[in-house]
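Have the structure open as you read.

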Amino acid sequence: MIARHRRIQRAALLAGAALLGAHFFIAAFSQAPLSPAKIKLHGVISGYLEPYFTQNWSLFAPDPTKNDEGIVARAKCADGAVTDYYDVTGPLIKETQGDRFFPSRTVRLVSNGIQQLNDSDDLLLRLRQKQESKDAEDSKTKDGRRKQDIPLTPYEKSQHQDAEWSLSRFALTQMHGVCSDGTGPTAIQARMYVKKLPPWSQRNNPKAKSALDLYDLPWKKAVELQ
């Protein structure tokens with residue numbers, strides 16, 4: 001009986017170690033440079049990691065988080081009326097700040113979606129930034145047409161589409177009572193905002209201003225998000 005118990009215990013430990021090893025391998029692989037294997041396995045990797053295990057390094061040097069990012073959303077009701085924009089991120093942040101010891105991690109559903117929407121391979125990101133700098137100096141070619149931007153890869157397109165669905169779906173869960181007729185929304189449009197805060201060197205300058213960028217996601221039908 002004791003021997004059987006030990007065999008079961010060892011089998012459970014081995015299974016747990018294997019699962020834990022597989023988790024860390026997938027998480028590490030998701031942060032590897034862009035490759036044909038990573039593109040091919042994108043669906044499997046993102047399906048497992050998102051939204052709770054998504055990895056990013058935005059809190060660390062050399063590029064720590066320095067922007068205020070979030071989403072607002074508006075809804076289309078059954079009578080055709082379109083509501084005002086509802087702040088999806090704000091209440092979540094207040095809820096998190098109100099409980100320092102056991103904060104809700106729900107806000108990560110938004111931050112991970114935004115991170116995924118802006119995610120790109122480091123090499124492609126540098127190439128696009130270099131092209132933007134060059135276009136700023138000479139934005140037109142000799143024939144008068146603007147130079148073509150580096151297109152998104154299939155992997156990036158898939159990432160962005162997944163992020164759009166994730167953010168729109170979460171916004172829908174926060175907006176059940178926004179329609180005056182008492183029914184739920186028939187469609188949702190999320191809007192991402194990025195508030196670029198003044199640099200740390202200007203923290204005491206009352207005239208320092210923040211820049212605000214907005215990005216509207218496509219309308220999504222509620223029945224497709226549920």
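1. A definition to start: a disulfide here is a pair of cysteine sulfur atoms within 2.5 Å. Keep in mind that this is a predicted model. Going through the whole structure with that cut-off turns up one disulfide. The partners are Cys77 and Cys179, with their sulfur atoms 2.1 Å apart, so the pair falls within the 2.5 Å limit. The link between Cys77 and Cys179 is left-handed, with -95° about the S-S bond.

2. Where do Cys77 and Cys179 sit in the chain? Cys77 is in the loop between E1 and strand E2 (86-87), while Cys179 is in the loop between H7 and E3. The two are 102 residues apart, and the pair links distant parts of the chain. Both cysteines, Cys77 and Cys179, are buried.

3. Now the inside. In general, nonpolar side chains tend to be buried together in soluble globular proteins. In this model, the largest nonpolar core has 23 residues. Ile71, Ala73, Val110, Leu167 and Ile188 have the most contacts inside that core. At least two core residues come from each of these elements: strand E1 (67-76), helix H5 (107-118), helix H7 (154-173), strand E3 (187-196) and helix H8 (222-225).

4. Thr89 counts as buried because its relative accessibility is 2%, and the cut-off for buried is under 20%. Setting aside neighbours within four places in sequence, Thr89 is in contact with Glu69, Gly70, Ile71, Val110 and Tyr193.

5. Over to the surface. Tyr48, Tyr52 and Phe53 form a nonpolar patch there, and together they have about 340 Å² of accessible area. Tyr48 belongs to helix H3 (residues 42-49).

6. Last one: is Pro154 buried or exposed? Pro154, found in helix H7, counts as exposed because its relative accessibility is 63%. Check Lys40 too: the C-alpha atoms of Pro154 and Lys40 are separated by 9.9 Å, though the two residues are 114 residues apart along the chain.

Key: Residues are numbered from 1 along each chain as its sequence is written. This is a predicted model: local features need pLDDT of at least 70, side-chain atom pairs count only at pLDDT 80 or more; totals for chains, interfaces and linings use all residues. Side-chain values use heavy atoms; hydrogens and water are left out. Patches are made of residues with over 30% relative accessible area and no salt bridge: like charges are joined within 9 Å, nonpolar side chains (Val, Leu, Ile, Met, Phe, Trp, Tyr) within 5 Å. Accessible areas come from the Shrake-Rupley method with a 1.4 Å probe; for residues, only the protein chains shown count as cover. A salt bridge is a side-chain nitrogen of Lys or Arg within 4 Å of a carboxyl oxygen of Asp or Glu. Helices (H or I, at least four residues) and strands (E, at least two) are DSSP runs, numbered from the N terminus. A nonpolar core is a set of buried Ala, Val, Leu, Ile, Met, Phe, Trp, Tyr and Cys residues joined through side-chain atoms within 4.5 Å. Buried means under 20% relative accessible area, exposed over 50%, partly exposed in between (1.4 Å probe, protein chains only). Contact means heavy atoms within 4.5 Å.
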